[in-house]
Every structure is written in structure tokens, then in C-alpha cells.
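Here's a quick tour for anyone meeting this structure for the first time. Have a look at the model first, and then we'll walk through some charged pairs and the nonpolar packing.

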Amino acid sequence: MFELPTNKEYLIGPASLAILSTILMLFGLGPHLDFDRNAIADGELWRILSGQFTHSNWYHLMLNLLGILFIWLLHAEYTRLRKYWLNVFFLGLFTGLMILLFSPNIVVYTGLSGLLHGLIVWGALEDIKRKLTTGYLLFIGVWAKVCWEQYAGASADVAKLIDSRVAIEAHLFGAVGGVVLAVIYLFYKTKKPA
């Protein structure tokens, strides 16, 4: 029987991420925090990370909140609060930096989707470490989706719903970031004194 990961140690991280993103939307803080290439060039470097937590509209936020819920259901037991936020911070910063360096066509970016792709990939690799077949399926599925988006482009329906371009590059960068995060943890574990 499937049990929900309802221990508070598993709930606080995803809940706090959802609350943070919702508060930023409620108070309309996007213009001050969105990833904005021109503002970053003018010295507003926090936007590289903070833009990951802002959203173009309420539909965009709801889609990302569903992503948080989905990841919590799949992989909540792999992180407690500190590790959850370390992962979110790393993946958000990684995604933002990759957009800044390798996607000059993206001037403004908002949303959690890049770092959420990273969390899913990292969780799938954690499943694989634990010899769970679902980890392989999830890992292959996410990469199939990311590759398809790179080939066919983003869904026009989703772009219309969120009133913004779907930044498929962020999905790719986030997924790569998930692999990098897993490698960092593996390296850290092997270097840790016994």
C-alpha cells in the first residue's frame, strides 16, 4: 500500500517552496525579482536565482505547484528541510546561470520548471541508487520529454495558458543540473572520511 510522506520533516521543504512562490505572486514582486537579463547586466545579480521563484501568472504558478506536489509524492523521503533547500538553491542557481550564459535569446525568465526538472532527475537517480525500477523509467521519461521539447519545441497551449514563452532551455539546464547534483553528492560521499 502506498503511504503519503506526511512526516513534517518531509512536508516543510516543499510547503515552504510553494508558500514562497505564492507570496511573491500575491504581492506582485515579479518585476523586482524576475530573471531579467538587462537588469542582471546592470548589477541586479540576485535575479539569476530569484527569477526561479516568480511566475508569469496564476496558471503558471499552479502548474509549478502541481510539480512540487508530484515531486513530494515521488521523492519526499530523500530530503529533509536543509537538504531540500540546498537542492533547490543549487538547481535554481545552476539553471539561472546556464540561461544567462547559454541562452542569450531569453531576456526574461520566470518559474520553477527548470529546477523542478532537476529535482525529478536527481530523485530518479536516487531511486536508481536504491535499485528501484521506477527510477530508470522516470529518468528515461524525463530525458525523453526534454529531448522531444528540444526537437519539437514547446507546447503552444501551455505558452498560451501561462501567457509566456515556455523556456524549454530551462528544462534542459535543470535536468542537467539534476545529474550534476547527483554527481556532487556521490563525490562528497566518497570523499567523506570513514
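Let's start with R165, which is partly exposed at a relative accessible area of 45%. (Buried here means under 20% relative accessible area, exposed means over 50%, and partly exposed is in between, using a 1.4 Å probe and protein chains only.) R165 pairs up with E169 in a salt bridge, at 2.5 Å from N to O. A salt bridge here is a side-chain nitrogen of Lys or Arg within 4 Å of a carboxyl oxygen of Asp or Glu. E169 itself counts as buried, with 13% relative accessibility.

A word on the ground rules: this is a predicted model, where local features need pLDDT of at least 70 and side-chain atom pairs count only at pLDDT 80 or more, while totals for chains, interfaces and linings use all residues. Residues are numbered from 1 along each chain as its sequence is written, and side-chain values use heavy atoms, with hydrogens and water left out.

Over in helix 8 (residues 133-152), E149 and K145 are four residues apart, about one helical turn. Their closest N and O atoms are 2.6 Å apart, making another salt bridge. E149 is buried at 10%, whereas K145 is partly exposed at 35%. Then there's a network of salt bridges linking E126, K129 and R130.

## The nonpolar cores

Which residues of the largest nonpolar core touch the most other members? Out of 30 residues, they are F53, I68, L115 and L119. (Such a core is a set of buried Ala, Val, Leu, Ile, Met, Phe, Trp, Tyr and Cys residues joined through side-chain atoms within 4.5 Å.) Helix 7 gives this core its largest share, seven residues.

Leaving aside neighbours within four places in sequence, L119 is in contact (heavy atoms within 4.5 Å) with I71, Y84, N87, V88 and L91.

Terms used:
Helices (H or I, at least four residues) and strands (E, at least two) are DSSP runs, numbered from the N terminus.
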